[in-house]
Amino acid sequence: MKVYSDTYYHIYNRGNNKNLIFFEDDNYIFFLNQFKKHVAPFCQVYLYCLMPNHFHFFIKVSDETLFEKGIKNFFISYSKAINRRYNRVGSLFQGRYKASEIKSDDYYTTIIMYIHQNPVVAGLAINMEDYKYSSYKAYLSGKESILNRQEVLEWFGGLESFVDHHKMALNEIEISKFLKV
């Protein structure tokens, strides 16, 4: 899917054959640093969640040409580093990344909650704030990050409402309306 400037997207991909893309803590940190270096300058980053065999980002593309070049360099740099470090060959990811355009208010709300609830649903954490590789904790802390938190918090009417919304479970029907994961 081609991406366009000034458009919101859910960007995601998973490991080839659903295999791991992160093998240890350092990989998650390196992945985020490479994303920050190659992709973040060309988009607004609203949230992310890195799972052992896949990832999610919610972004708004600022410059489609530079974004496409940056995301290509991001995947190449991460894949090469992982292949070198773990003495592996071949594709790390299952094809090109997926980009689902976020076209409605419902989708905007659903994707935020879906991404942040992903580790809990998968059984990797009991609470969203306990999972290390998600932006949820950054929303609670207010520490400096690459996230454009203000827009998301305003969408929910503030931090308290943001937290309350995240306590609601999404049902499969809501999720399947928007996601093709």
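Colleague: Which residues in H1 meet which ones in H2?

Modeller: Bear in mind that this is a predicted model, where local features need pLDDT of at least 70, side-chain atom pairs count only at pLDDT 80 or more, and totals for chains, interfaces and linings use all residues. Residues are numbered from 1 along each chain as its sequence is written, and side-chain values use heavy atoms, with hydrogens and water left out. Helices (H or I, at least four residues) and strands (E, at least two) are DSSP runs numbered from the N terminus, and contact means heavy atoms within 4.5 Å. With that settled, Gly70, Ile71, Asn73, Phe74, Ser77, Tyr78, Ala81, Ile82 and Arg85 in H2 meet H1 through Asp26, Asn27, Phe30, Phe31, Gln34, Phe35 and His38.

Colleague: How many nonpolar, polar and charged residues does the contact of H1 with H2 have?

Modeller: Ala, Val, Leu, Ile, Met, Phe, Trp, Tyr, Cys and Pro go down as nonpolar, Asp, Glu, Lys and Arg as charged, and the others, Gly among them, as polar. On that basis, the contact of H1 with H2 comes out at eight nonpolar, six polar and two charged residues.

Colleague: And how do H1 and H2 lie, roughly parallel or roughly antiparallel to each other?

Modeller: Axes are lines fitted to C-alpha atoms, for helices over the stretch in contact, and angles run from 0 to 180 degrees between N-to-C directions. Under 35 degrees counts as roughly parallel, over 145 as roughly antiparallel, 65 to 115 as roughly perpendicular, and the rest as oblique. H1 and H2 pack at about 155° with their axes 9 Å apart. Therefore H1 and H2 are roughly antiparallel.

Colleague: What is the handedness of the crossing of H3 and H5?

Modeller: H3 (residues 105–121) and H5 (residues 149–156) pack at about 115°, axes 12 Å apart, and are therefore roughly perpendicular. A crossing is left-handed if the near helix is turned anticlockwise from the far one by less than a right angle, and right-handed if clockwise. For H3 and H5, the crossing is left-handed.

Colleague: Which residues make the contact of H3 with H6?

Modeller: The axes of H3 and H6 (residues 159–166) come within 10 Å and cross at roughly 65°. That makes H3 roughly perpendicular to H6, and the crossing is right-handed. From H6 come Phe162, His165 and His166, and from H3 come Ile112, Met113, His116 and Gln117.

Colleague: Is Phe58 buried or exposed?

Modeller: Phe58 is in strand E3 (residues 54–61). Leaving aside neighbours within four places in sequence, its contacts include Tyr8, Val45, Leu47, Ile102, Tyr108, Ile111, Ile112 and Ile115. Buried means under 20% relative accessible area, exposed over 50%, and partly exposed in between (1.4 Å probe, protein chains only). At 0% relative accessibility, Phe58 counts as buried.

Colleague: What phi does Asn17 have?

Modeller: Most residues other than glycine have a negative phi. Asn17 is in the loop between strand E1 (7–14) and helix H1 (25–38), and at 62% relative accessibility it counts as exposed. Although not a glycine, Asn17 has a positive phi of about 55°.

Colleague: And what phi does Asn87 have?

Modeller: Asn87 is in the loop between helix H2 (64–85) and strand E4 (98–101). At 73% relative accessibility, Asn87 counts as exposed. It is not a glycine, yet Asn87 has a positive phi of about 50°.

Colleague: How far apart in space are Tyr107 and His10?

Modeller: Tyr107 is in helix H3 and, at 5% relative accessibility, counts as buried. Tyr107 and His10 are 97 residues apart in sequence, and C-alpha to C-alpha they are apart in space by 9.8 Å.
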